[in-house]
2 protein chains.
Amino acid sequence: MKSYAVIGTGAVGGYYGSKLAQHGHTVHFLARSDYSFIREKGLRVDSPLGDFHLAKVSVFSSSREMPQADVLLIALKTTGNGRLKEMISPMVGRNTAILILQNGLGIEEELQASFPDNPVLGGMCFICSRKGGPGHVIHQDYGRITIGSLKKEDAPMVEEIASDMNGSEIPADIVKDLPEARWRKLLWNIPYNGLCVQLDCNTDRIMKTPSSREIIQRLMEEVVAGAAACGITIEEEAVAKMMAFTDKMTPYEPSMKLDYDNNRPMELEYIYRRPLEEAAGKGYEMRSVWMLYKHLLFIEESQKAE
Amino acid sequence: MKSYAVIGTGAVGGYYGSKLAQHGHTVHFLARSDYSFIREKGLRVDSPLGDFHLAKVSVFSSSREMPQADVLLIALKTTGNGRLKEMISPMVGRNTAILILQNGLGIEEELQASFPDNPVLGGMCFICSRKGGPGHVIHQDYGRITIGSLKKEDAPMVEEIASDMNGSEIPADIVKDLPEARWRKLLWNIPYNGLCVQLDCNTDRIMKTPSSREIIQRLMEEVVAGAAACGITIEEEAVAKMMAFTDKMTPYEPSMKLDYDNNRPMELEYIYRRPLEEAAGKGYEMRSVWMLYKHLLFIEESQKAE
């Protein structure tokens, strides 16, 4: 059984870390605004799997004070990734694995370059969850996590972590091709995150309005074509499947919509700019995605100006 | 000197009709909501060329009651074009010329099909004007009109009307190729009309924000490519010129933005759907324009649902 350190105790990190702790793992949590609350009152999780409360939590307000752990779960917003290397450096020992639970393209590659000898892994979280308040995670639906590594030699580490997850009521799959898994995740994130902000609505309204439904489909088709340009095959039927999946989802506001509504920066860099750049570098312009991205930038520029 | 009938006494029809009347032409006006006001108090125009007031105006609330005229100026919103043929039929005699002052693609062709023997002309109005209230037009800037015909045999009619305009302080040019002139007008209308609605701002903010400036440029480049697919050459430099022109413009809210703000239907059919369809029919998809169009449809569908 490995020990874990959760960097970013939000809706995602708070949920997965709490499940691991609930099932007996040593888990240290790094929290910012919630630090004092969690130290005093612990962590609470509302979940269809059963609500629970961790009364005594190993929580820290600075990475410098945290004990080392076998696995770092990176669950901060990517908008702070400029400071990520510096932040986690004190916690990265010779064999420490770094598992990125963030969304977007190119994050693992950046961290692998900073820590070339460590296992750097990517975890795609298929979860609907949100913060209900300080130290309070509301798990709404799903929760599966798929994990892969950049380097083949890290496959055993991926297996061990997946095993820990599966033993903690977190359904975990192993993916062989991490970039492919990242693009498959983008197939949902690129259309829905941005469009919910642009149109100021949830997934349900998007799917039920003919024009936005057409936009979603076109964006997805472009992501498939963008992936293809990067040498990654996503079968065409994935588009219809992903739309059918979203049709059945409980009406949902993606994290970018919540960030926007709460005047927090949006995760545009890794979800939009990088994939656009990567596909364009291989000769394919995702022109509709570009339009959405530039509109989101406009919104961000307007927010800053206010 | 020809007589005129203005169908739609708004910011455009009210201005041009009043200028013609001010310079001695017989002008009949068709008005809806402003009818009683204009009949009692006349038409007032505020303009950099000099404010003026027409105290006694030949105004009608129904086309059936209007006297025939040599030239019909069609200045209604295109959103009502489904009823246009029926509305103007009583006024179209054997030689009546029909001059379309509306924006968008394919309108002249539709009317020419309805009235195959009449001169059907298109006028591109480069004017910033708006309604200030009932019977009150505020002319802000510009005013040039360029006129062309679908059929070559109507060239003399175009010349006569241009001459009437030029004699009424309306700078008027003649264009040889009406479809080309329509596409050139779309080079401004497609980007700015829709984007001012989508981003909820005026031309000034669009031009001063880096991301929306990029969007405008891409939309214009697509319109140039769309026109090219339809066999119409717009030189590449037209994009930079049009942007430089808009940079210098007084901050402006295009008519579509005013329609949207006042909960009126937007002119999506002829400014967006037709050009998209025409270019796609010739093998070129204006993908960014399509994204903008679908977003505008979403807005319209949302307005209706409210």
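## A walk through a two-chain model

Let's start where the chains touch: 100% of the interface residues of chain A are also interface residues in chain B, so the copies meet through the same surface. Contact here means heavy atoms within 4.5 Å. This is a predicted model, in which local features need pLDDT of at least 70 and side-chain atom pairs count only at pLDDT 80 or more, while totals for chains, interfaces and linings use all residues. Residues are numbered from 1 along each chain as its sequence is written, chains are lettered from A and ligands numbered from 1 in the order in which they are written, and side-chain values use heavy atoms, with hydrogens and water left out.

How do you get from one chain to the other?

Next, the aromatics. Searching the whole structure turns up ten aromatic pairs over all chains. Rings of Phe, Tyr and Trp (its six-membered ring) pair if their centres lie within 6.5 Å; planes under 30 degrees apart count as stacked, over 60 as edge-to-face and the rest as tilted. Take Tyr142(A) and Phe245(A): their ring centres are 5.4 Å apart and their planes at 50°, so this pair is tilted. Tyr142(A) sits in strand E9 (residues 136-149) of chain A and Phe245(A) in helix H9 (residues 237-248) of chain A, so the pair ties together parts that are 103 residues apart in sequence. Those labels come from DSSP runs, numbered from the N terminus: helices are H or I with at least four residues, strands are E with at least two. Tyr142(A) is partly exposed at 34% relative accessible area, and Phe245(A) is partly exposed too, at 35%. On that scale, buried means under 20% relative accessible area, exposed over 50%, and partly exposed in between (1.4 Å probe, protein chains only).

Trp188(A) and Tyr192(A) give you a stacked pair, since their ring centres are 4.6 Å apart and their planes at 25°. Both belong to helix H6 (residues 178-198) of chain A, four residues apart, which is about one turn of the helix. Trp188(A) and Tyr192(A) are both buried.

Lys185(A) lies over the face of Phe126(A), 5.2 Å from the ring centre, and in chain B, Lys185(B) lies over the face of Phe126(B), at 5.2 Å. The criterion is NZ of Lys or CZ of Arg within 6 Å of the ring centre and within 35 degrees of the ring normal.

Now hop over to chain B for a couple of serines. Ser18(B) is part of helix H1 (residues 13-22) of chain B and is buried at 0% relative accessibility. Beyond its neighbours within four places in sequence, Ser18(B) is in contact with Gly13(B), Phe29(B), Leu43(B), Val45(B), Phe52(B) and Leu54(B).

Ser168(B) lies in the loop between helix H5 (155-166) and strand E10 (172-174) of chain B, and is buried, again with 0% relative accessible area. What does its side chain find there? A polar atom of the Ser168(B) side chain lies 2.8 Å from the backbone oxygen of Asp164(B). Leaving aside neighbours within four places in sequence, Ser168(B) is in contact with Lys19(B), Leu20(B), His23(B) and His25(B).

A backbone detail: phi of Asp200(A) is near 55°, a positive value in a residue other than glycine. Asp200(A) is in the loop between H6 and helix H7 (203-208) of chain A. In chain B, phi of Asp200(B) is near 50°, also positive, and Asp200(B) is partly exposed at 48% relative accessibility.

Last, a strand. From strand E1 (residues 4-7) of chain B, Tyr4(B) and Val6(B) point one way and Ala5(B) and Ile7(B) the other, and all are buried. Four bridges join E1(B) to strand E2 (residues 27-30) of chain B, and the two run parallel; strands pair if DSSP finds at least two bridges between them. Within that pairing, Tyr4(B) stands opposite Val27(B) in E2(B).

Technical notes. A polar contact is a pair of N or O atoms within 3.5 Å; within protein, one must be able to donate a hydrogen and the other to accept it, and residues adjacent in sequence count only if both atoms are side-chain atoms.
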